[in-house]
Amino acid sequence: MLVRLFMLLTIVSAGVQAQSAKQFRTPWGEPDLQGIWNGETLTPLQRPARFANMPVLTPEEAAKAEAEVDSRPGRDKRAKEGTEKDVAGAYNQAFFDRSPRSLHLVDRRTSLIIDPPNGLLPTLTPEAQKRRAAIREYEQALLQGTSGGRPGPPSPLYFEPPPFYNVDRLNRADGPEDRSLQERCLAWELPHLDTFYRIVQSRGQVGIVVDAFQGQGFVRTIPVDGSKHLPASIRSYKGDARGHWEGDTLVVDITNFSPKSDYLGSRQNRHVVERFKRVSQNRLEYTITVEDPTTWTRPWTAMEPLEKQSDKENQIYEADCHEGNYGLMDMLANTRAAEKLFKEEKGPNPRTMDIATGGGVDPADQKYSFGRAGAE
Amino acid sequence: MRSLKREMLVALVTAVVISGIWLATTRLIQKPGSVVLAQNSSSAIPRRADRKPDFSGIWQANNGANWDLLTHGPRPMVGQPGVYPDVPVLAAPVVALGAIAWVPPDLGVVEGNEIPYQPWAAKRKQENLANWLDRDPEIGCFKPGVPRAMYMPYKFQIIQGTTKVLMVFEYAGAERTIHLDQVDPYPADAYMGHAVGHWEGDTLVADVSNFTSDTWLDRSGDFHSDALHVVERYTPITRDAFRYEATIEDKNVFTRPWKISMPIYRHLEPNAQLMEFQCREMAEETLLGHLRTNQLVKQWEGRTMRVEVSRKVPPGNGVYERHFSGNPTSKELAEQPPTRQ
């Protein structure tokens, strides 16, 4: 009887151990990161100035900050009706269809950046400052004399190519290259925070379907098999990603970015290290370290905890930006039509119009948003 | 303790039986000349912990199906009548490419080598073929749809997860997921459809629906409507090949369901991997070049070759003028039924 009881206990405890280990293990023994994960959050990449030295808020402070953001009109606020800015702001808040999680600061944190400890991007290198100034000067020159730009006659820079491959919305639509990567459906941007992901694994391979606004989503395949990076001559929007396991953490090294890709002003010299660590059934800590000696004076690190979603109720919907991209064609066609009218003396000179600044994120909301605005 | 002994006995008997079968099989496949059988034996198929086949890997079809699902001889990609009216020559858009501009011949992949179009649809297929440059979604880097994605001349990767089979296609960075577990209905249409899978023995069966009308089946104008319903069957042949079968059903376009079947091969290069083919920007000149302030593609003025290229896009076939594929939707077909002959 005693023997039987002992055996029973052994079996039960072994079963429990097996179960808890099995919970986050694939059947072939690798750590299991699979599922749909939500990374939407109100916490911005960089810490807003008013929360300096406050990396984590108290529950009361957090509730107050969240309520304040929630009460803003956001994208539903229109510019003066009939203005160029109003027409350009065609999407209202409903188009962005964010999850309730996006209305909350994650873990009551005030920035996703955890290093530097002040929660801010490191100082730009002199080279990057020069680069940014050149891009800004070019963009301002194209806006010169329009409702959205500084006063003055149209700039001769209008007839010059941009100083670097253009990734922004220019005040010119001579061809598709004048439009932003988003407008061209080319915004396969990494790292990509603040959104939904589906992770699927097979032995030695990880696939991630990345959701992104307005059908910009894309899919990544990451070999986790000891293979080496592609030759440096092969450049791409998503870069070349190779993974390996450090304990239960998936570490992904991304290099070989294209000079046409852009993340906060960092381009082909970007080096990204991602860490995916599942800490519980519903929480996966996603940490990125970004390094680019031609852009920042030091590497920086951000951590975003992802929350597991129901696999039954949720799906990552197909990203169909390009298939429905009437906007890019219309932008070019409209400008050609405006040029024709101007030639026939039936309309204003399109070069005096602002087709660049409207429709962006309202400056009042910038401190709570990601993207380029966060880098300013 | 008695029951434990009985279990041990059962286990021992089972082990003897299994090893007997194993020995018999081994003897069978070790016969001289039986090497092929050994390679084909189901024991060589990669399997998962639950004994189901594992389709994970980098794959590619190696046939002419993306040019034409049916058996076809060589023909110009874009042709025009030559000296003899029935012997075509290359037309201006591809004339500089010479032999490259000819479609390689191949045997078809359609069972019975016939696509059972309704009469109006047979006519439209011919129209599609004549307007290939304006209508084929592949030219615009639009999503390929299913089954076309499976036999395009690009690699694709299968990542077979625990409950989801993720397929990633090099062409256009397209992707699709086959759900092996319970999932709520897809609330919209999708170019790559919505796929729910189950196992029938070693065969993965996927039921795919929720399609748009905007994808094609090949570069020969073969098409479908948004009533398309595809049942796919993935069956391992060897470790490095599986049989892909798709039964295609569309009450708007075909008179009956029909079937395609082909092997799909594993890439055996040691570092086989997908690479990025972001064709959206590659197609910009074709789709939007005419809207530039300063046209980049002027009349051809080669060093020794002067070719007048003048292609007029026929009315109704401009990019995005209607659906970019030129296919009608169910709604349009209901409102304006095509004339049946």
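Analyst: Helices are DSSP runs of H or I with at least four residues, strands are runs of E with at least two, and both are numbered from the N terminus. Pro147(B) lies in the loop between helix 4 (132–135) and strand 6 (156–160) of chain B. Please keep in mind that this is a predicted model.

User: What makes the peptide bond from Val146(B) to Pro147(B) cis, and what is its omega?

Analyst: The bond from Val146(B) to Pro147(B) is cis, and its omega is near 10 degrees. Chain A also has a cis peptide bond, between Asp115(A) and Pro116(A), with omega about 5 degrees. Pro116(A) belongs to the loop between strand 2 and helix 4 (126–143) of chain A.

User: How many helices and strands does chain A have, and how many does chain B have?

Analyst: Chain A has five helices and ten strands, whereas chain B comes to seven helices and 15 strands.

User: Why is Ser102(A) called buried?

Analyst: The relative accessible area of Ser102(A) is 6%. Buried means under 20%, so Ser102(A) counts as buried. Ser102(A) is placed in the loop between helix 3 (84–88) and strand 2 (113–115) of chain A. Leaving out residues up to four places away in sequence, Ser102(A) touches Glu40(A), Thr41(A) and Leu42(A). A polar atom of the Ser102(A) side chain also lies 2.6 Å from the backbone oxygen of Ser99(A).

User: Why is Asp225(A) called partly exposed?

Analyst: Asp225(A) has a relative accessible area of 46%. Partly exposed covers values between the buried limit of 20% and the exposed limit of 50%, so Asp225(A) is partly exposed. Asp225(A) sits in the loop between strand 5 and strand 6 of chain A. With neighbours within four places in sequence set aside, Asp225(A) is in contact with Gly204(A), Gln205(A) and Gly243(A). By contrast, Ala65(A) is 160 residues from Asp225(A) in sequence, and their C-alpha atoms are 45 Å apart in space.

User: How do you know that the side chains of Asp225(A) and Ser227(A) make a polar contact?

Analyst: The distance given for the polar contact between these side chains of Asp225(A) and Ser227(A) is 2.6 Å. A polar contact requires N or O atoms within 3.5 Å, one able to donate a hydrogen and the other to accept it.

User: What is said about phi at Leu264(A) and at Ala172(B)?

Analyst: Leu264(A) has a positive phi of about 55 degrees although it is not a glycine. Ala172(B), likewise a residue other than glycine, has a positive phi near 65 degrees. Leu264(A) is found in the loop between strand 7 (249–255) and strand 8 (271–280) of chain A, and Ala172(B) in the loop between strand 7 (164–169) and strand 8 (175–179) of chain B.

User: Are Leu264(A) and Ala172(B) buried or exposed, and why?

Analyst: Leu264(A) has a relative accessible area of 5%, and Ala172(B) has one of 6%. Both values are under 20%, so both residues are buried. Over whole chains, 48% of the 376 residues of chain A count as buried, and 47% of the 341 residues of chain B do.

User: What makes the pair Lys143(B) and Glu323(A) a salt bridge?

Analyst: The closest N and O atoms of Lys143(B) and Glu323(A) are 3.3 Å apart. The definition asks for a side-chain nitrogen of Lys or Arg within 4 Å of a carboxyl oxygen of Asp or Glu, so this pair qualifies. There are six salt bridges between chain A and chain B.

User: How much area is buried between chain A and chain B?

Analyst: The size of an interface is often expressed as the accessible area lost when the parts come together. Between chain A and chain B this area is about 4600 Å², with 56% from carbon and sulfur atoms. Glu318(A), His322(A) and Glu323(A) supply 16% of the area that chain A buries against chain B, more than any other three residues.

User: How many residues of chain A and chain B are in contact with each other?

Analyst: The contact involves 52 residues of chain A and 53 residues of chain B.

Note on methods. Residues numbered from 1 in each chain as written. Chains lettered and ligands numbered in written order. Predicted model: local features only at pLDDT ≥ 70, side-chain atom pairs only at ≥ 80, totals over all residues. Heavy atoms only, no water. Buried < 20%, exposed > 50% of the residue type's maximum accessible area, 1.4 Å probe, protein only. Contact = heavy atoms within 4.5 Å. Buried area = accessible area lost by both parts, 1.4 Å probe.
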